[in-house]
Amino acid sequence: IVNAGCRVQPDAPCVELGAAPGGCITEGNAVPDAEALFRDGENLGARLATEADYLVLGESVPGGTTTALALLLALGVAADGRVSSSLVENAHTLKSSVARQALAQLRANASSDPLAAVAVLGDPMQPAAAGIAAGAISHGCPVLLAGGTQMIAVLALLQRLTPSRLEGEGGGEGATISAPMVAVATTRWVVDDPLSDATGLIAELGSFPLLATALSFADARYQLLRRYEDFLVKEGVGAGGAAVAAALAADIAPEQIAAQVEDLYTDILSSTASVSR
């Protein structure tokens, strides 16, 4: 849904909310159009709310756990050493150093204005996803934030926005950001990761559910899939939320998803081998 600066057209319905990629957060001008992204997202969320019983929002952001850390810190959440990573070894020291440089760019009043903080040190996904969620919730459509600590940062952003800024332009009466209307869903690799603290971070925001799929690749035929069990990658474009939604909405077991993933991986390897020949 959010195609920020990417000119690769997906083979699926696509709505572009912003054409500019995020800037360097240490320079204090990361997302200058954060307010517009939020409002455009709000309008999109309101429209999608009329087409679905609930929304599942995923993300794909290079360096997204660093911007998540910076935003959480700006919003008053002690997140140092607690955000996740796609790598086995989590570069907490480097992330904290970058985030602290970004925090130094915050003006005195920006830290009390969540979207102003995003403009300084966030990434474009954050206001867009928060806007979509707010627009959907304001029209009575529940939202599943599909991701780990990056989506917890989006949840924190939603929570910190004042009610007046959560009034959708499509006729809604304003979003109520509460546990019955929004939850975070991820994989067990994120939740069980010894080098991050998704459960502790979300608990600091309130009684919001944190759901995790039991998806496992421990018995996969392919060694690269088994690396997930070593906490490599952990998530991927809403993978955990998609698996949770599949289980709750269609009673699809994690074992079925794992088998399907292996079949798709086999097809990819076969296609690659054919091309190389």
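A: This is a predicted model. In a regular strand, side chains alternate between the two faces of the sheet. Here, V143 and L145 point one way from strand β2 (residues 143-146), while L144 and A146 point the other way. All of these residues are buried.

Q: Which way does strand β1 run relative to β2, and how many bridges join them?

A: Strand β1 (residues 55-57) and β2 run parallel and are joined by three bridges.

Q: How many bridges join β2 to strand β3?

A: There are four bridges between β2 and strand β3 (residues 182-187), and these strands run parallel. The bridge partner of L144 in β3 is A183.

Q: How is a pair of aromatic rings described?

A: Such a pair is described by the distance of the centres and the angle of the planes. The structure holds four aromatic pairs. Among them, W189 and Y228 form a tilted pair, with 4.8 Å centre to centre and 45° between the planes. This pair links distant parts of the chain: W189 belongs to helix α7 (residues 188-191), whereas Y228 is in the loop between α9 (223-226) and α10 (239-250), 39 residues apart.

Q: Is W189 buried or exposed?

A: W189 has a relative accessible area of 2% and is therefore buried. Together with F217 and Y228, W189 forms one aromatic cluster.

Q: What geometry does the pair of Y222 and Y265 have?

A: Y222 and Y265 form an edge-to-face pair, with 4.8 Å centre to centre and 65° between the planes. This pair also links distant parts of the chain, with Y222 in the loop between β4 (210-213) and α9, and Y265 in helix α11 (residues 254-276), 43 residues apart. Y222 has a relative accessible area of 19%, so Y222 counts as buried, the cut-off being under 20%.

Q: What span should helix α6 have?

A: Helix α6 (residues 149-160) has 12 residues, so at 1.5 Å a residue the helix should span 16 Å. The end C-alpha atoms of α6 are 16 Å apart, which agrees.

Q: How many residues of α6 are buried?

A: An α-helix has 3.6 residues a turn, so residues three or four places apart point the same way. In α6, 10 of the 12 residues are buried, and the helix is mostly covered. The buried residues include T149, I152, L155 and L158.

Notes:
Residues numbered from 1 in each chain as written. Predicted model: local features only at pLDDT ≥ 70, side-chain atom pairs only at ≥ 80, totals over all residues. Heavy atoms only, no water. Buried < 20%, exposed > 50% of the residue type's maximum accessible area, 1.4 Å probe, protein only. Helix = DSSP H or I, 4+ residues; strand = E, 2+ residues; numbered from the N terminus. Pairing = 2+ DSSP bridges. Phe/Tyr/Trp six-rings, centres within 6.5 Å; stacked < 30°, edge-to-face > 60°. Expected span 1.5 Å × (residues − 1).
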